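Dear colleague,

Please find the structure below, handed over for your study.

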Amino acid sequence: MRHFLSQVYTTYAGLFGWLNWFSYVSTVIFRPVVLVIIYAVLGRFAGNPEAVRSYSIGIAAYSMAVIILPGITQCYTYDRSGGTLSFVFASPVNRVENYLARAVLHYPNGLLSFAATLLAAWMIVGLDFGGVDWGGFIAATLVIALSITALGEFLGTFAIVFRDWSNIQTAFVGLILILSGAIIPLDVFPAPVQELAKLLPVTNGLTSLKSTFVGNPLADTSGELVREALTGLVYVIIGYFGFRMFETAAKRRGSLEQETF
Amino acid sequence: MLASVVQQWKQISLSFGNLGFFLATIPMAIVMTWIAMQRGDRDVLAYLSIGLPLMTVWSGVAFRIGYTLSTELSSQVLQFVYISRTPVIVVSLGKALAQVLWGLPTGIISFMVVFLMTRALPNISNPTAFIVSVLLVVIGITVASLFFSPLMVLVGGRGGFFNTVIPFGLVLSGFVFPVDRLPAVLMVPARLMPTSWAMDSINLSLQAGSTWAEISTSWALCILTSIFLGVVTYVMFRIVERRIRVTGTRDFY
């Protein structure tokens, strides 16, 4: 456990590029506020000032992806570019432990960003929390943040394998914004696209999140939440195999400092 | 300056990774268009079909230009620029122009995405004014982005510096909505952005019944704010230079 906690701290403190006061506060707290302002004023401009209230929950869920995914992928890419990943691979450290430790402290960042977005929506557009089923709402939030974190672990492997990893991350963040139902309802898309969207984190859990926000019991959407958790589980497992495969390939080809594939 | 345009152009052309910074806002453009389509106001859709592509260009350009000076500094090549007789702001302006030229096609991609969604082209009432206004937006984007180049060095901006700057810039720039829709506390800083005036002139050139007097007033204010921002940027460049050449305190923020 001590080793695990030590890796949780060192991978976060040493490899998270936004861990300075300006960047951290502006990214985790202010950016969600600015997003709410943008959508609130856009809604007013487009003749639909009430719309942003219905988007707030989706924007809040999306804001978790915007902070968690880059945070975790940085942790992988800086490990390689800084030359410290070689030491990890040379050491007998438990790989599962090392893999999971990288994500731990990014998880609360997502939750903080989520809370900041909802607070901003309450203050700016008067988001009504009157009917929330808090137990279900919190459970859905925690599960969505977990599945996003799992996706971050999955993308982390790309971050150490490809030089242009940021494009892959950008694509996933964009897909979550467009296809998860955060703003555009899922049912406007053709059925195959809807199925594809359900393979992304957020999509399934957001149904549960929105439902519990308006006061429905969690039991009504527990299936979606379970699917959200399973989606995350699949990502984290595939990500781990990718992480091990990269290590094997890098050692065999001596290509740790290059693009391995 | 031309040499620095070519140098920067070659440098960005070598890296496909740059593309992500420019395309990152296209998903945002898609959802914003979708929001506007819910009420289907033609004026709003016309405004967004011009503003959102420019937003895509600005967000990529601001990020890339913002890092030019600090990257040169960390790569130990800025000293050579100071040794040469060309003023560093001219070199940086050349680099900024290269970034803008590189970013403009991404605006076209964004425009096509918005067009595919709305299936409508904006109805331009005054094409001449529209073309001039777009050119002024491009100048505004260049000037506003160049502002961040010395600022990054002066504040010791590290990774994540632009995470809020870019969304905040979107609020103030007028690309997503005319800035007179903002609360007064945000409208004042927004009016210091040349793009907010240039977007006003684009809006006026889209609307039937706008007069040349209204349009030219917006142009004049865009040019004035560009000059103002340019002077502030120049002063910051001089402070950076002073820190490097005179006081030797560039590492103290």
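**Findings in the predicted model**

The model is a predicted one. In chain A, helix α6 (residues 106–125) has 20 residues, so at 1.5 Å a residue it should span 28 Å; the C-alpha atoms at its ends are 28 Å apart, which agrees.

Several residues of α6(A) are buried, among them A:His106, A:Ser113, A:Phe114, A:Leu118 and A:Val125. The cover over the buried residues of α6(A) includes α2 (21–45), α3 (51–81) and α7 (134–161) of chain A. After α6(A) comes A:Gly126, which has a positive phi, near 70°.

The helix α2(A) also meets chain B. Two packed helices are described by the angle between their axes and the distance between the axes. The axes of α2(A) and helix α10 (residues 162–173) of chain B cross at roughly 20° and come within 8 Å. Because angles under 35 degrees count as roughly parallel, α2(A) and α10(B) are roughly parallel to each other. Their crossing is left-handed. Residues making this contact include A:Phe30, A:Val34 and A:Ile38 of α2(A), together with B:Pro167, B:Phe168 and B:Val171 of α10(B). By class, the contact of α2(A) with α10(B) has nine nonpolar, five polar and one charged residues.

Turning to the contact between the chains, 32 residues come from chain A and 33 residues from chain B. On the side of chain B that touches chain A, α2 (18–23), α3 (26–37) and α10 of chain B each supply at least two residues. The largest share of that side, nine residues, comes from α3(B). Its residues divide by class into 22 nonpolar, seven polar and four charged.

Methods:
Residues are numbered from 1 along each chain as its sequence is written. Chains are lettered from A and ligands numbered from 1 in the order in which they are written. This is a predicted model: local features need pLDDT of at least 70, side-chain atom pairs count only at pLDDT 80 or more; totals for chains, interfaces and linings use all residues. Helices (H or I, at least four residues) and strands (E, at least two) are DSSP runs, numbered from the N terminus. The expected span of a helix is 1.5 Å times one less than its number of residues. A residue is buried if 20 or more other C-beta atoms lie within 10 Å of its own, exposed if 12 or fewer, and partly exposed in between; C-beta atoms are placed from the backbone. Two residues are in contact if their C-beta atoms, placed from the backbone, lie within 7 Å. Axes are lines fitted to C-alpha atoms, for helices over the stretch in contact, and angles run from 0 to 180 degrees between N-to-C directions. Angles under 35 degrees count as roughly parallel, over 145 as roughly antiparallel, 65 to 115 as roughly perpendicular and the rest as oblique. A crossing is left-handed if the near helix is turned anticlockwise from the far one by less than a right angle, and right-handed if clockwise. Ala, Val, Leu, Ile, Met, Phe, Trp, Tyr, Cys and Pro count as nonpolar, Asp, Glu, Lys and Arg as charged, and the others, Gly among them, as polar.
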